[in-house]
Amino acid sequence: MIAYLIAVGIIALIYMLLTIGLNLQYGYTGLINFGVVAFFAIGAYTSALLTLGGWPLVPAFVVAIIVAAIVAYPIGLLSLRLSDDYLAVVTLGFSEVVRLAIQQERWLTHGVQGLPGIPRMFLSLGIGDYAELATLAVLVLCNLAAIGLMLHLVRSPYGRLIQAIRDDEVAVEAIGKDPRRLKVQVFMLGSGLAGLAGAFYAHFITYLSPDQFLPLVTFYVWIAMIIGGTGRTTGAVAGSLILMVFLEGSRFARDWIPSVSEVQMASVRLALVGLALILFTIYRPQGMMGSRR
Amino acid sequence: MTALLAAVGVCKSFDGFKVLDDVSFAVPERGLTGIVGTNGAGKSTLFAVVSGQLDADGGRVSFADADITGLRPMRRARLGLGRTFQVPREFAHLTVRENFLVAARREYGETLGSVFFGWGRVQREERTLRDRADGWIEFLNLKKVTDKPAGTLSGGQKKLLELGRMLMTEPKCILLDEPFAGVNPVLVEEISTRIRELNNSHGIAFVIIEHHLEALKALVQHLYVMDQGRVIADGEAAAVLAEPRVLEAYMGGVI
Ligand SMILES: Nc1ncnc2c1ncn2[C@@H]1O[C@H](COP(=O)(O)OP(=O)(O)OP(=O)(O)O)[C@@H](O)[C@H]1O
Ligand SMILES: [Mg+2]
C-alpha cells in the first residue's frame, strides 16, 4: 500500500511539473499549448537514451530540459506569425508528429517495441525500496523550486508584462513593449519544465513506448490546470493532486461496479474525469484556488 | 517649423472599399489638433495607420523627423508616439496601478535575467516607477480604484486609465480616440483641463478624435474634418465648423 501511494505521489508530482509549466504558458501568458505531451516525450526520450548510452543521470536531466526548450524555440517563433487558435492546432499537430517520429525512428527509439531497462533513480545508492521514496523527495523539491520560481516570476515586472500580453497583445505593442520576445521565452520555459517532467517519468517507469505519449496526456494537464484555477500557481498544485485522486480513485470504483471490465473501466475513468471537469466549470468556474483569468 | 507628426497621402482599403483616400495631416510640436467626422468617416482607421496597428496601402507617415511608415507599433510607441483606443483595451486582470507600471518605459526589469539575477536593481527601479505611477493615478482621479482590477472599471475610468498608461511611456504625442465618449459632462471638463495641463507643462502634443464638438472646439487649435475617407476641411476650429460644406457633410446642416 505504501509503495502504491509513493508511486501515485510520483506520478502526481510529474503532472504537477507539467501543469506548472502549462499554467505559465496559458494561465499567465495566454499561449494555447495543446502539445504539452510532445515536450514531455522529448524530455523522457532524451534522458532515457542518454543514460542508456552511459551518461549519468544529472547531466542527462539537464540535457533533457535544454533539448525540450530548444525544440520549443521554432514552434514559439512560428506561433508569432499565427493567431492564438493556430498555435493550438500547430502544437497539437506537432505532438502527434513527435509521437509518430518516435514510432518510426526505430534505430533510435526502438519504435513501438519501446525502450526497456532505463536506469532507475538512486539505484546505484543501493538503498533498495527507499530509492522510490528518494525519487518522491527529489520531485517534491523540484516542484517546490518550480513553484518558488514561478511565484517570484509572476510578481516581477516580467510577470506583469506576460499577464498584460495575455489580456491584450495589441495594447502591449501600443505601449512600446515587445510581446514576441516574451512569448517565445515563456514557451521555452514551460517546455523545459515539461522536459524535466519527462525525464523523471522515464526513470520512474523505466520503459518508454510511443503509446505513452498520446494527446490524452496533454488534456489531463489542461484539466488539472482548469480544475485548480487557471493563472494561479497554487491552482496548478491543487489541480494536479485532484486529477490524480480522480484517475486513481476511479480505479477503486471498479470494486463497487464489478460488471465493468478492465477495458470498459478505462473509458469510465475518462468519463469521470470529463464529468468532474464539467461540474467544476459549472459550480466553480474559477477553479479550486480561484482564477485570475 | 516642421511638423512633429505628419501623414502624407495615406490610403487604406478594406476589401476594395476605400476607407482612407489620400489623407494628409500635420501636427506641430506641442500642438493640440482635433479630428471630427461622421461615423465611419475613417478617423479611427487613420489612427491605426499612423500608430502602426494597420499597414497603409499607400502614403507616408513621419514622426519627429523620421519616416515611420512600416514600423511596428512597438517601435513607434518607443519613439514617443502613443495612442488610446476608441474601445478601451485595458489589461483587465491587472490592477490599475499594474496597468500603469506595465507601461513604464524601462531599460531593466523586464528581462528574465534581471528577474533572477538583478532583483535589487529591479526593486529600486520599481520604487521610482511606482511613485511616478501613483502621481499620474492621482492626477487622473483614479486613486480610489488604484488596486482594483482594471476590467472592473467604468467606461469613463477606462478612458482615463488608457491616457494614464500612455503617460507612463513618456510620449511626445498622444492620439486620443474619443476621450469624452461615455464620460459625464463634469468629467469632460476635467479631462479637458488635464489635457491642457499636460500640453502646457509637459509639452505633449495631442490629436483628438471627438464627437463632442463643443468640448473639442474649446480645446484644440487646429481642426480636421473627415468625410468618407477624405479630409474635407481644416483650419481654426470655430471657422472650420462654420464652413458650409462641413455643415452639409458632417451635420447634414444641423449644428
Ligand atoms: N478591420 C476592418 N475591416 C473592414 N472594414 C473596416 C475595418 N475597420 C474599419 N472598417 C471600415 O472602415 C470605415 C471607417 O471606420 P472607422 O472606425 O475608421 O470610422 P470612424 O471614423 O472612427 O467612425 P466612428 O466615429 O464611428 O468611430 C467603416 O466603414 C468601417 O466599417
Ligand atoms: Mg472611430
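Figure 1. A side-chain N or O atom of Ser44(B) is 2.8 Å from an oxygen atom of the ligand, and a polar side-chain atom of His211(B) is 2.9 Å from a ligand oxygen. Ligand 1 taken alone exposes 630 Å², and the protein buries 62% of that; accessible areas come from the Shrake-Rupley method with a 1.4 Å probe, and for residues only the protein chains shown count as cover. The model is predicted: local features need pLDDT of at least 70, side-chain atom pairs count only at pLDDT 80 or more, and totals for chains, interfaces and linings use all residues. Residues are numbered from 1 along each chain as its sequence is written, chains are lettered from A and ligands numbered from 1 in the order in which they are written, and side-chain values use heavy atoms, with hydrogens and water left out.

**Figure 2. The shell of residues around ligand 1.** Of the 13 residues around the ligand (a heavy atom within 4 Å of it), Asn39(B), Lys43(B), Ser44(B), Thr45(B) and Gln86(B) come nearest. The shell has 3 nonpolar, 8 polar and 2 charged residues. In this classification, Ala, Val, Leu, Ile, Met, Phe, Trp, Tyr, Cys and Pro count as nonpolar, Asp, Glu, Lys and Arg as charged, and the others, Gly among them, as polar. Helix α1 of chain B, residues 43-51, gives the most to this shell, with 3 residues; helices are DSSP runs of H or I with at least four residues, numbered from the N terminus.

**Figure 3. The interface of chain A and chain B.** In this view, 28 residues of chain A are in contact (heavy atoms within 4.5 Å) with 31 residues of chain B. The buried area is about 2,800 Å², of which carbon and sulfur atoms give 63%; this is the accessible area (1.4 Å probe) that two parts lose on being put together, summed over both. Pro157(A), Arg160(A) and Ile175(A) lose the most area on the side of chain A, together 23% of what that side buries.

**Figure 4. A salt bridge between Arg160(A) and Glu126(B).** The closest N and O atoms of this pair are 2.8 Å apart. Across the interface there are 5 salt bridges, each a side-chain nitrogen of Lys or Arg within 4 Å of a carboxyl oxygen of Asp or Glu.

Methods: Polar contact = N/O pair within 3.5 Å; in protein donor to acceptor, adjacent residues only side chain to side chain. Helix = DSSP H or I, 4+ residues; strand = E, 2+ residues; numbered from the N terminus.
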